[in-house]
Every structure is written in structure tokens, then in C-alpha cells.
Amino acid sequence: MKIEEVFKNNKRWIAEKLNTSPSFFDEMGKGQNPEMLYIGCSDSRVTAEEVMGLGPGEVFVHRNIANMVISIDLNVMSVVEYAIEHLKVNHVVVCGHYGCGGVKAAMQSADLGVLNPWLRNIRDVYRIHKKELDVIADEEKKYERLVELNVQEQCVNLIKTAAVQKAYRDRNLQVYGWVFDIHTGKLVDLKIDFEHILQNIMEIYHLD
């Protein structure tokens, strides 16, 4: 990839947008009103708007390695707060993907330097679900299941936050766990039963 090509592509994109809608950029300049916050992986193969068939202004996006929602990460917490409190999104999605390098790295014992504390959070997911994961003999299937369980735990981390709990009470905000199947292009809704999962922990995490 040559950087010069990026600017050529940009000019082509502008021309295409104006050809379709002469007021496209005027409308964009008026502000954003997305219905969804999407928290996904930084993997270059998984582009949020493209896989969902959405365009500019339709989804607020945060991406990091392995789609993590960590309470002491001010980046993701700021995005969550802004999207829920100020943009008033009604849907929050955590989307992982099969073939996730971050999840695979967390399954290995190698010292990865500055990545170690980040990946430790995924290892914690493995620890929580060790009994289920250890009976999966096929390493690839185990890896894919950890991807799914990591999405589930990041959704649970979201539900622990005050912003999500308040928006759920006030306007029935919904949290979803998805996985993008990189081999087929399909989005998979994990249909996580959050009410069941949270029954035993809301006594601890419930905020007034």
C-alpha cells in the first residue's frame, strides 16, 4: 500500500458520495445521532460498518485488541459514557471474531512484554470458564469457544457499569454479544442470556 493511493481513494470516495447525494457532507456536518455503540477488535480484517452494511453516522465505534471492556481502561470507559449519556444510543454491541490474534496469544505462555497485562484479562476469562474449556479436545474449537466466552464476559463487564444500568432502567438499553465468523463473513448473535448470568452477581454489582 502506498500512502499516495489513500488520498487518491479519498478523492474518488468524495466524488462517489456527492454523485449519489450532493448534500451528503452538509448532512454529515450537522452532527451524529447513532443508535448503536459497537465495541470490536482492532483486527484489520474486521471493519465494523462494512460487515453490518451501515454507513457514516449510523454507529459509534470503539476498537481495541480482542474487544475488551476493562473498567480501568479510561479509553473504553469514556467511549461507553459518551455514547450512552450524550449520544443516547439504545443498543451496545460487543463483537469478537474467530481467528482473533489477541485471544490466541492469551492462550499461550509466551512473555509478550507490554501486552501481558492486557492479555491477562483474557486469561482471566479462561480461568473463569476453565472447566468448560478444558474438556474441548480440539484446540481450534477451544480457541473459538474462548472467543465467544470473552465476548460474553466483556458484555457482563458493560452491564456492571453505572451508565449501562441507568440507561437500561430509563430507556431499556440493550446489550448484545456477537461474533464475526471471519471464514464465512457471517455475524453470529450469541444470544447470551444475561438475566440468567447476572442473577447471582447483581447483588454485588447493582448500582442505584
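Which residues have the most contacts inside the largest nonpolar core? They are Leu37, Ile39, Ile84, Val92, Leu158 and Val175, within a core of 46 residues. The legends below refer to a predicted model.

**Figure 1. Overview of the predicted chain.** The model is a prediction, and its chain contains 11 helices and five strands. Taken along the principal axes, the C-alpha atoms fill a box of roughly 55 × 45 × 30 Å. The chain has 208 residues, of which 39% count as buried. Among contacts with a separation of 6 or more, 64% are made by residues 24 or more positions apart.

**Figure 2. The largest nonpolar core and the surroundings of Val92.** This core comprises 46 residues. Helix α8 supplies its largest share, nine residues. Val92, one of the residues with the most contacts inside the core, touches Leu37, Ile39, Ile84, Leu158, Leu173, Gln174, Val175 and Tyr176, leaving aside residues up to four places away in sequence. Another core, of 10 residues, lies apart from the largest one, and its members include Met36, Tyr38, Ala48 and Phe180.

**Figure 3. Helix α4 and its buried face.** Helix α4 covers residues 74-86. At 1.5 Å a residue, its 13 residues should span 18 Å, and the 17 Å between its end C-alpha atoms agrees with this expectation. Val76, Met77, Val79, Val80, Ala83 and Ile84 are buried in α4. Viewed down the helix axis, the buried residues of α4 fall within an arc of 160°, and therefore line one face of the helix. A general rule is in keeping with such a pattern: an α-helix has 3.6 residues a turn, so residues three or four places apart point the same way. The exposed residues Leu74 and His86 are carried by the face of α4 turned away from its buried side. The elements covering the buried residues of α4 include the strands β1 (36-41), β2 (59-64) and β3 (91-97), together with the helices α8 (139-159) and α9 (162-171).

**Figure 4. The two ends of helix α4.** At the start of α4, a side-chain oxygen of Asp73 comes to within 3.1 Å of the backbone nitrogen of Asn75. After the helix comes Lys88, with a positive phi near 60°. For reference, most residues other than glycine have a negative phi.

Figure 5. The structure holds nine salt bridges. In one of them, the side chains of Glu27 and Lys30 meet at 3.0 Å, N to O. Glu27 is partly exposed, at a relative accessible area of 42%, whereas Lys30 is exposed, at 65%. A further salt bridge joins Asp134 to Lys130, with the closest N and O atoms 2.5 Å apart. Both of these residues, Asp134 and Lys130, belong to helix α7 (residues 130-134) and lie four residues apart, about one turn of the helix. Asp134 is partly exposed at 37% relative accessibility, and Lys130 is partly exposed with a relative accessible area of 45%. In helix α9, Lys166 and Asp170 are separated by about one helical turn because they are four residues apart. Their side chains, those of Lys166 and Asp170, form a salt bridge of 3.0 Å, N to O. Lys166 is partly exposed at 40% relative accessibility, while Asp170 is exposed at 54%. Elsewhere, salt bridges with shared partners connect Glu132, Arg145 and Glu148 in one network.

**Figure 6. Asn150 and Asn67.** Asn150 is found in helix α8 and is buried, with a relative accessible area of 1%. Leaving out residues up to four places away in sequence, Asn150 touches Ala66, Asn67, Met68, Val103, Ile122 and Val125. Asn67 belongs to the loop between β2 and α4. Asn67 is buried, with a relative accessible area of 2%, and has a positive phi of about 45° although it is not a glycine.

**Figure 7. Asn172 in the loop between α9 and β4.** Is Asn172 buried or partly exposed? Asn172 is partly exposed, with a relative accessible area of 46%. Asn172 sits in the loop between α9 and β4 (174-180). The phi of Asn172 is positive, about 60°, although this residue is not a glycine.

How values were computed. Residues numbered from 1 in each chain as written. Predicted model: local features only at pLDDT ≥ 70, side-chain atom pairs only at ≥ 80, totals over all residues. Heavy atoms only, no water. Expected span 1.5 Å × (residues − 1). Buried < 20%, exposed > 50% of the residue type's maximum accessible area, 1.4 Å probe, protein only. Arc of directions from axis to C-beta. Contact = heavy atoms within 4.5 Å. Polar contact = N/O pair within 3.5 Å; in protein donor to acceptor, adjacent residues only side chain to side chain. Salt bridge = Lys/Arg side-chain N within 4 Å of Asp/Glu carboxyl O. Core = buried A, V, L, I, M, F, W, Y, C linked by side-chain atoms within 4.5 Å.
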